[in-house]
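I opened my notebook to record what I looked up in this structure. My entries follow in the order I made them.

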Amino acid sequence: MSTANAKPRHGLIAFMRPGTVGEYDIWAVQPDSTGLRHVTQSPANRSDYYLAWSPDGSALLFERRKLDPAAAGGDEALYAVNADGGDFRQITHCCGECWSDGEAAAWPPGGDRIAFSRATGPRSAPGPSRVAIGVARPQ
């Protein structure tokens, strides 16, 4: 799996790369391949997916997902992090069988809120029990 996303300002490109602990981490680099930086480090049995730059290019929104749905922890959610890896913050909180299925969250042009979708139900089922669209503040 590979996802890349160009930053609207300063020209950075953010992308997913195999992690050292979790499956995928988020990295950023200049278009000329200089300035490679590690933006997130996913924990064991987790992966960081579906990144999107904020409208002003100062932060990334991404989904942290459990690789094993039975694994402990309630950290499967949307997060935001500054482009330099600072100010890491959880935006949404999922309880039980709450997940997204490949749909990236989106920042509107003003950047004061984010839109996202969430599904509920067992991932092994042919489809979700329910799908909801949500809006949250990125702080």
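**Entry: the main core.** I looked up the largest nonpolar core and found 17 residues in it. A nonpolar core is a set of buried Ala, Val, Leu, Ile, Met, Phe, Trp, Tyr and Cys residues joined through side-chain atoms within 4.5 Å. Buried means under 20% relative accessible area, exposed over 50%, and partly exposed in between (1.4 Å probe, protein chains only). Ile26, Val39, Leu51, Trp53, Leu60 and Phe62 have the most contacts inside this core. I then noted that strands 2 (13–18), 3 (24–29), 5 (46–53), 6 (59–66) and 7 (77–82) each supply at least two of its residues. Strands (E, at least two residues) are DSSP runs, numbered from the N terminus. Strand 5 gives the most, with four residues. I also found a second, separate core of ten residues, including Leu61, Trp107, Phe116 and Ala136. In soluble globular proteins, nonpolar side chains tend to be buried together.

**Entry: the model.** This is a predicted model, where local features need pLDDT of at least 70, side-chain atom pairs count only at pLDDT 80 or more, and totals for chains, interfaces and linings use all residues. Residues are numbered from 1 along each chain as its sequence is written, and side-chain values use heavy atoms, with hydrogens and water left out. I checked pLDDT, the predictor's confidence in each residue, from 0 to 100. The chain has a mean of 81, and 83% of its residues reach 70 or more.

**Entry: Asp48.** Is Asp48 buried or exposed? I found Asp48 in strand 5. Asp48 counts as buried, at 0% relative accessibility. Its side chain makes a polar contact of 2.6 Å with that of Thr40. A polar contact is a pair of N or O atoms within 3.5 Å; within protein, one must be able to donate a hydrogen and the other to accept it, and residues adjacent in sequence count only if both atoms are side-chain atoms.

**Entry: Pro31.** I found Pro31 in the loop between strand 3 and strand 4 (37–38). Pro31 is exposed, with a relative accessible area of 57%. Leaving out residues up to four places away in sequence, Pro31 touches Gly11 and Ile13; contact means heavy atoms within 4.5 Å. The C-alpha atoms of Pro31 and Gly11 are 6.6 Å apart, though 20 residues separate the two along the chain.

**Entry: Arg89.** Arg89 lies in strand 8 (residues 89–90). I noted Arg89 as buried, at 16% relative accessible area. A polar atom of its side chain lies 2.6 Å from the backbone oxygen of Asp87.
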